[in-house]
Amino acid sequence: MFEKPSHLKTLIRADSSATIGHGHIRRDLVLASHFKDISFACVRLNGDIFDEINYPKFELESSNIKYLINLINEQKFKLLIIDHYGINVKDEKQIKEQTGVKILSFDDEYKEHFCDILLNVNTFADPQRYEALVPRECEICCGENFMLVRDEFYKEREIKREKKFDFFIAFGGSDVMDLSFKTAQILLSKGHKIAVITTSANPNLNALKELAKKNSNLSLFINSKQIARFMNESHELIISASSFVNEALVLGAKFSAVKVAQNQDEIYKWLVKKGFKAFSGEEICKKLA
């Protein structure tokens, strides 16, 4: 993956928080393993996972791109990887003009970009839809070969494990819609044995802990590093329509995907078109009830 630029001094610009979630940083950490000299630049936000980034990292004063531009010039970065919805095509042009840096832009929504490499890691990604959205010379990297799924999922799919859980529930690091608690309540009321995966950034974590104390059928895993195993030990997954979908597809797992953010519209449409189970947050609760 990205053989040519992997040797360049590289900076990843991405954020995480209790509001925007942890997905960007998580997938960036997978991508970072393909590069030899890489650093991260982040704005510190409430509920972020900045401390989990095991690469050189810089704290930006704010999201104003002037701070990013100054950092690129000061540290002489040659490649900038942008995984941030707050940086648009005009910002990318300004960064290019003022630094000359090579730019790799993540995209999940078929938006316009001014970059050298366009990366859409979603299985559904159609490279032809980017032809009018990026410069003519831009390298477009989309689809199954660029999913950024961790090695543990490929290893896990070769293992046949006992199914300990009826359902695996995961709605991202922050779960701002509180769907972990809502779906867990419904499934527990029907006697199902479930695994709920979340993080310490979940604002509803205390309620989940209390629910787990009262129900022996609920196993609550916080900040777990064994997500692939827990997925493989479950009969069915209920997951956000995010990178979890790529992981579920690699495992060949039965799943229902739930759209919890606007940037998941495209994957939601693709899932419905392909006949997978896909729901909105409200729909999944009604479906389970």
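Seven strands make up an open sheet in the order S3-S2-S1-S4-S5-S6-S7, and their pairing is parallel. Helices (H or I, at least four residues) and strands (E, at least two) are DSSP runs, numbered from the N terminus. Two strands pair if DSSP finds at least two bridges between them. At the edges of the sheet lie strand S3 (57-60) and strand S7 (139-142), each of which pairs on one side only. On average, neighbouring strands of this sheet are turned by 20 degrees against each other, direction ignored.

The model is predicted: local features need pLDDT of at least 70 and side-chain atom pairs count only at pLDDT 80 or more, while totals for chains, interfaces and linings use all residues. Residues are numbered from 1 along each chain as its sequence is written, and side-chain values use heavy atoms, with hydrogens and water left out.

Phe-106 has Leu-119 in S6 as its bridge partner. Helix H1 (residues 23-32) packs on the sheet and touches strand S1 (10-13), strand S2 (38-43), strand S4 (79-82), S5 and S6. The direction of H1 makes about 165 degrees with that of S2. Helix H3 (residues 89-99) also packs on the sheet, where H3 touches S4 and S5 and its direction makes about 160 degrees with that of S5. Contact here means heavy atoms within 4.5 Å. Axes are lines fitted to C-alpha atoms, for helices over the stretch in contact, and angles run from 0 to 180 degrees between N-to-C directions.

Another open sheet has six strands in the order S10-S9-S8-S11-S12-S13, with parallel pairing. Its edge strands are strand S10 (218-222) and S13, and each pairs on one side only. Neighbouring strands of this sheet are turned by 20 degrees against each other on average, direction ignored.

Strand S8 (residues 165-170) pairs with strand S11 (residues 234-240) in the parallel sense over five bridges. Ile-169 stands opposite Ile-238 in S11. Helix H6 packs on the sheet, touching strand S9 (194-198) and S10, and the direction of H6 makes about 145 degrees with that of S10.

Strand S12 (residues 255-259) and strand S13 (residues 277-280) pair in the parallel sense over four bridges, and Val-258 stands opposite Phe-279 in S13. From S12 the chain crosses through helix H9 (residues 265-273) to S13, and this β-α-β crossover is right-handed. A crossover is right-handed if, with the strands pointing away from the viewer, the path from the first strand over the helix to the second runs clockwise. H9 lies across S12 and S13 and runs at about 140 degrees to S13.

**Helix pairs**

| Helix pair | Angle | Axes |
|---|---|---|
| H5 (residues 179-189) and H6 (residues 205-214) | about 15 degrees | 10 Å apart |
| H5 and H10 (residues 281-288) | roughly 10 degrees | within 9 Å |
| H2 (residues 65-75) and H3 | roughly 30 degrees | within 10 Å |

Angles under 35 degrees count as roughly parallel, over 145 as roughly antiparallel, 65 to 115 as roughly perpendicular and the rest as oblique. H5 passes H6 in a left-handed crossing. A crossing is left-handed if the near helix is turned anticlockwise from the far one by less than a right angle, and right-handed if clockwise. Ser-180, Phe-181, Ala-184, Gln-185 and Leu-188 in H5 meet Ala-207, Leu-208 and Leu-211 in H6. By class, this contact of H5 with H6 has six nonpolar, two polar and no charged residues. Ala, Val, Leu, Ile, Met, Phe, Trp, Tyr, Cys and Pro count as nonpolar, Asp, Glu, Lys and Arg as charged, and the others, Gly among them, as polar.

H5 and H10 are roughly parallel to each other. Leu-179, Lys-182, Thr-183, Ile-186 and Leu-187 of H5 make the contact with Gly-281, Ile-284, Cys-285 and Leu-288 of H10. These residues divide into six nonpolar, two polar and one charged.

H2 and H3 are likewise roughly parallel to each other, and H2 passes H3 in a right-handed crossing. The contact of H2 with H3 has five nonpolar, four polar and one charged residues.
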